[in-house]
Every structure is written in structure tokens, then in C-alpha cells.
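Before reading on, please take a moment to look over the sequence and the model.

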Amino acid sequence: MNSPTACQVNMTPQREWALLLLLAGIQFTHILDFMIMMPLGPQLTRAFAISDAQFGLLVSAYTFAAGASGLLASLYIDRFERRRLLLILYSLFAVATLACGLAPTYETLMGARIAAGLFGGILSAMIQTIVADVVPFARRGKAMGVIMTSFSVSTVMGVPLGLYVAANSNWHTPFFGIAGISFLLVVAGWYVIPTLQGHLHAREETGPLQGIGQVLSDPNHLLAFCFSFCMIFAGFSIIPYITIYMQTNAGLSASDIPLVYLAGGAATLFSAQIIGKLSDRIGKLKMLQIIASLAIIPMALITQTEGMGMTAILVITTCFFVFVSGRMIPGMAMVSAAANPKNRGTFMTLNSSMQSAAMGLAALVGGHLITRSPEGLIQNYWLCSLVAIVFNVIALLIARQVRMYK
């Protein structure tokens, strides 16, 4: 397909690089805000005397709220200038994250997580929309690779540091750190992010519901949504319970867990760049097929590490980080290109809601599939692997049918 609109701005390579780093920083705090809940799982279950299912609900509350906010945002996202809207929502997200750190009870933490999800739920969608508006498709794989390194940095630096701070202070402190970084990035964003309003001129004068209708009436958009849902569901069937399983079944100590995230994050820090460049060179679909197929191996093994040594566990968990997160680089480049550019913001916001729903549902499904033995060990975690592999294969089948605007 040919794009009906060109990129909204022309940027020098230096300014484009600065923009990508800034957006990666925003993505970093947004991802870390979600991810920090998972390694803090054992501390939170002890602090509030909650069950694994209640912890799963605490994780899911954020994603369900994010999905709801994405649906609401799809009514207006293409009607406002991108920079201003992004930074206003990001500021409110920072306030909500600060409230998480101040929460004294399970119920107040739940409320703060819902607020953080409501304001932060569409940050990823807006970041990907801005990248698609600014970076041509031929370089978008590399650009998405830069954005995806935020996942790696959050695991290399953020998660282990958050665990260290929590172990030497309390679980509240990591949220204070995320909020502080977020406020600094808001200030930087006013200077780095360009004004983006080309989509306002390309839009037809329609009501908000008509804009959603235009997106949902395109069969290609629906295919892209299904593909995105399956990709996320596959990963988050396993991810929320890795830390708990590693400590209870695999025999890792609390001090070993940061090493798991450090090794996996350090590897993806490099692999994301390689995958992004190769996606542009050999094609997004082909690269997705390679990486997603390889991801099946660690998906199957990561829930079977009981009795293995530390070295074997690190190899498996690192491969899981590399390939499961690596799928998203060519995958999201394809999804961003599947959208009609004049409705890209609405499309990406609805896609973000789809992804949030997938995260929340996957966490809930995982929480109900696993059980505890009388000795407190996790049981039936292998079923989460089976679910992940099935959804990963379905995503690959759907990807072949998705058409892309150039």
C-alpha cells in the first residue's frame, strides 16, 4: 500500500536520535512501573498478606485500567497535537506512580495502580505513533529497536536496582525513583519532542465515534489487533510469575533474582539493536518468523528449571528475554505500518488497549492455572508455557495476512 500522508516532520539525524532516546526514556519508566511489580511480588505478598491470585489481580488492575483508558483515548487522540497530549498524560502518570510509593495498604496500592494504568495506558501507543509519524518505514525497524532497548535498560538497571533499594530500604522506594525520573523527562520533552499536528490536517471532519468506526471497519486493522493480542498474551502468560517460581521451585535466593534480570537485560540491550537492523535489512515479517520461532524453546524450558544449576537457569532466562522481547521489534514495526496514517493515533491507541487486555488476561489466566503444593511450591506452571506457545504460533499465522502501508 502507499501511504496517503508523508512523515509529519523532517528531522536531522542528530535530532531524530535525541528524540528516540527521549521517547525510549519515557518508555523505560512506563515499562519499569509495570515490571517492578513482578520482582517485588514476594515482598508485596508478605507485606500485605495476600495470595498469588490477589497479586495477579494487582498486576492485572494496571493493565485493565490501561486498556480502558486506551479505549477512551481513541475518541480524542487524533484530535490533539501529539507532544502536548503525550506530556500531559505522562505528568499525570508520574503523579500516580508517586501515589503508589505512598500507598499504606493493599487497597490504596490497588487504587494507585489503577490510576497509573489510566494515565500511563496509552504512553506506548503515543510513543509508537510519534515514531511512525517521524521515522520512515525503511528505518523504522532500527527506530523500534532503540525504543525497545528501554525494556532492556529497565531490566539491566531498573529492576535489579529497584530490588536492591527495596531490600535495603522498603518496597515503596522504587516507585519514588520512577516518579522522580518521570518528572525530569517531562521537562526534557518540551524541548526535544517536535510539534506534530500533520495528522490534524489529514483528518476528515468526523465525530469521535466515526473515527473509531473507520479504524474498526478496516479488516487489515482487525488482523493487526489480533496479531498484537496474541503476541502479548504469549509473553505474559509466563512473565508475571517468573520471580516467584524461581525463588520457590528453582531454589534461587532473593539476591540471585537481580542477576537473572541483569543477564537477560544486558543481552537484550545488544540483541534489540541487531534485531532492529536486521528487520530493516531482510524484512520485518521474515525476521519476526525467525525470532518468534526461536522463542518457543525458552518458552517451553523456563517453567521447567526446577533442579537445574544457576548457569543453566541463566542461559534459559536470558534466551527468554532476548527472543520473547525481540519478537516485538519487527512485530510492532509491522503493526505501526498496518495503520492508515490519518487514523494512526486512534489505531495505535486501540492496539494499546488490546495489548493491555492481553497482559491482564494472561496474568489472570496464569494465576489460575498455577497452584501451590502443601510445601508451598508452584505447580502446573508448565501449562503457562503451553498457552504461551499456542498463542505465539497463532500470532505467526496471523502475521502472514497483515498488509502494511509504506
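## Terms and overall make-up

Helices, which are runs of at least four residues assigned by DSSP, are numbered from the N terminus. The model described here is a predicted one. With that numbering in mind, the chain can be summarised as having 18 helices and 2 strands.

Of the 406 residues in the chain, 59% are buried, and the accessible surface comes to about 15200 Å², with 68% of that area belonging to carbon and sulfur atoms. When contacts between residues at least 6 apart in sequence are considered, 86% of them join residues that are at least 24 apart.

## The largest nonpolar core

The largest nonpolar core holds 127 residues, and the members that touch the most other members are Leu23, Leu44, Ile238, Met246 and Tyr381. Helix H1, which covers residues 13-35, gives the most to this core, with 11 residues. In soluble globular proteins, nonpolar side chains tend to be buried together.

Which residues does leucine 23 touch, leaving aside those up to four places away in sequence? Its partners are Leu86, Ile127, Ile130, Val131, Ile147 and Ile193.

## Helix H16 and valine 335

Helix H16 runs over residues 328-338 and contains valine 335. The helix is mostly covered, since 11 of its 11 residues are buried; among them are Met328, Pro330, Gly331, Met334 and Ser336.

Valine 335 has a relative accessibility of 1%, and because buried means under 20%, this residue counts as buried. Beyond the residues up to four places away in sequence, valine 335 touches Ala224, Phe227, Ser228, Phe347, Met348 and Asn351.

Is valine 95 buried, partly exposed or exposed? Its relative accessible area is 46%, which lies between the limits of 20% and 50%, and therefore valine 95 is partly exposed.

## Threonine 318 in helix H15

Threonine 318 lies in helix H15, which spans residues 310-326. Its relative accessibility is 17%, and so, with the limit for buried set at under 20%, threonine 318 counts as buried.

A polar atom of the threonine 318 side chain lies 2.7 Å from the backbone oxygen of leucine 314. An α-helix has 3.6 residues a turn, so residues three or four places apart point the same way. Apart from residues up to four places away in sequence, threonine 318 touches Ala263, Gly264 and Ala267.

## Asparagine 380 in a loop

Where does asparagine 380 lie? Its place is the loop between strand E2 (378-379) and helix H18 (381-399). With a relative accessibility of 32%, asparagine 380 counts as partly exposed.

The backbone of asparagine 380 has a phi near 70°, which is a positive value in a residue other than glycine. Most residues other than glycine have a negative phi.

Terms used
Residues numbered from 1 in each chain as written. Predicted model: local features only at pLDDT ≥ 70, side-chain atom pairs only at ≥ 80, totals over all residues. Heavy atoms only, no water. Buried < 20%, exposed > 50% of the residue type's maximum accessible area, 1.4 Å probe, protein only. Contact = heavy atoms within 4.5 Å. Areas by Shrake-Rupley, 256 points an atom, 1.4 Å probe, with all protein chains shown as cover. Core = buried A, V, L, I, M, F, W, Y, C linked by side-chain atoms within 4.5 Å. Polar contact = N/O pair within 3.5 Å; in protein donor to acceptor, adjacent residues only side chain to side chain.
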